[in-house]
Amino acid sequence: MKILIVEDTRSNLLVLTQYVERLGATAVKAETGAQAIEIFQSEHPDIVLLDVVLPDTDGFAVAQRLRGLERAENWTPIIFLSSLGKDEDIERGIASGGDDYLHKPISEVVLGAKIRAMQRIIQMRTSLVVLARKLDTANQELKRLSASDGLTGIANRRLFDEYISREWRRARRTSNSIALLMCDVDHFKLFNDTYGHQAGDDCLRQVAGVIQRTMERASDVAARYGGEEFAAILPETAIGGALFVGEKIRHALHALNIPHAGSPHGRVTLSIGIAAQVPDTEGLHDDLIKAADRALYRAKHEGRDRVVR
Ligand code: GH3
Ligand code: MG
Ligand code: MG
Ligand code: MG
Ligand code: MG
């Protein structure tokens, strides 16, 4: 523990230094207000013992300065030591940022007890800071979990809904095109029936990974829309770009070559419906979803394993 003693009377400084050192603490010393502020900043003491009557300024002003220098979580206890002992002096000391006020002459026993009381508060403050950090981490984790799909780890439906409505509004403000891809695994019921539900889950993880990895821009978001259906939101993208991304996803999944004996394609494939719009003032993002759904429906009916606008 490091204690800053601010005291301009040499004999007092000497005695206080002894008290502090007998407590097992290190004493750092200042004899003026200006020195106190300087040493406070360079030495980062744990506690400050502060005289009120100083040659260049008074202790109240020093306390105010010190409080202004630190951030709330770095609170350093300040104990005034003064020969001014009127109620109003004590009141002023606390108001200026002090935590305690002792009247001179200082008793070694009382000073020791007051310092221990401050140490107790410092410990509590430290625990609180640790707790706050843990809470912050837990909060972030909770946020991440509540936005991601448990099976595949990509964004879930909740995040999708939030994101599409936000991006839709942004696109309307900026008169930009926004594109949506709806991807549905072909003959997936049959895949489950053939290989089992576990293999089905694993397949969905792989499909999610393919879609996720194909997204190029930071603003693109792939989400599990439900069951074996995935959605990708592409802000600032027109139909041509969306077609391109759709084909890229389809080919990347082909390349994975997940066997699907029951499918006429022999492997796991996706049907992808795409839509893109520059939102007008009345339109809703639901319209975009409906348009992509209709395109997906056509992709299924035209034979699956294809991208349809
Ligand atoms: P289509 O080509 O027309 O899309 O046929 P499909 O069999 O893929 O479509 P259907 O809607 O009939 O079946 C979807 C299947 O997806 C049924 C359901 O059990 C399965 N499924 C949905 N969610 C999961 C999941 O989380 N894990 C597994 N293993 N299967 C799932
Ligand atoms: Mg003095
Ligand atoms: Mg489906
Ligand atoms: Mg399907
Ligand atoms: Mg279906």
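Ile79 has Asp100, in strand E5, as its bridge partner. Strands here are DSSP E runs of at least two residues, helices are H or I runs of at least four, and both are numbered from the N terminus. This is a predicted model, where local features need pLDDT of at least 70, side-chain atom pairs count only at pLDDT 80 or more, and totals for chains, interfaces and linings use all residues. Residues are numbered from 1 along each chain as its sequence is written, while chains are lettered from A and ligands numbered from 1 in the order in which they are written.

Strand E4 covers residues 78-82, and E5 covers residues 100-103. The two run parallel, joined by four bridges; DSSP must find at least two for strands to pair.

Now step back. The protein has ten helices and ten strands. Its C-alpha atoms fill a box of roughly 95 × 45 × 30 Å along the principal axes. Of its 309 residues, 35% are buried, with 20 or more other C-beta atoms within 10 Å of their own, C-beta atoms being placed from the backbone.

Finally, turn to ligand 1. Around it are 17 residues, of which Asp186, Phe188, Lys189, Gly200 and Gly227 come nearest; a residue counts if its C-beta atom, placed from the backbone, lies within 6 Å. Strand E6 (178-185), helix H7 (188-195) and helix H8 (197-214) each supply at least two shell residues.

Terms used:
A residue is buried if 20 or more other C-beta atoms lie within 10 Å of its own, exposed if 12 or fewer, and partly exposed in between; C-beta atoms are placed from the backbone.
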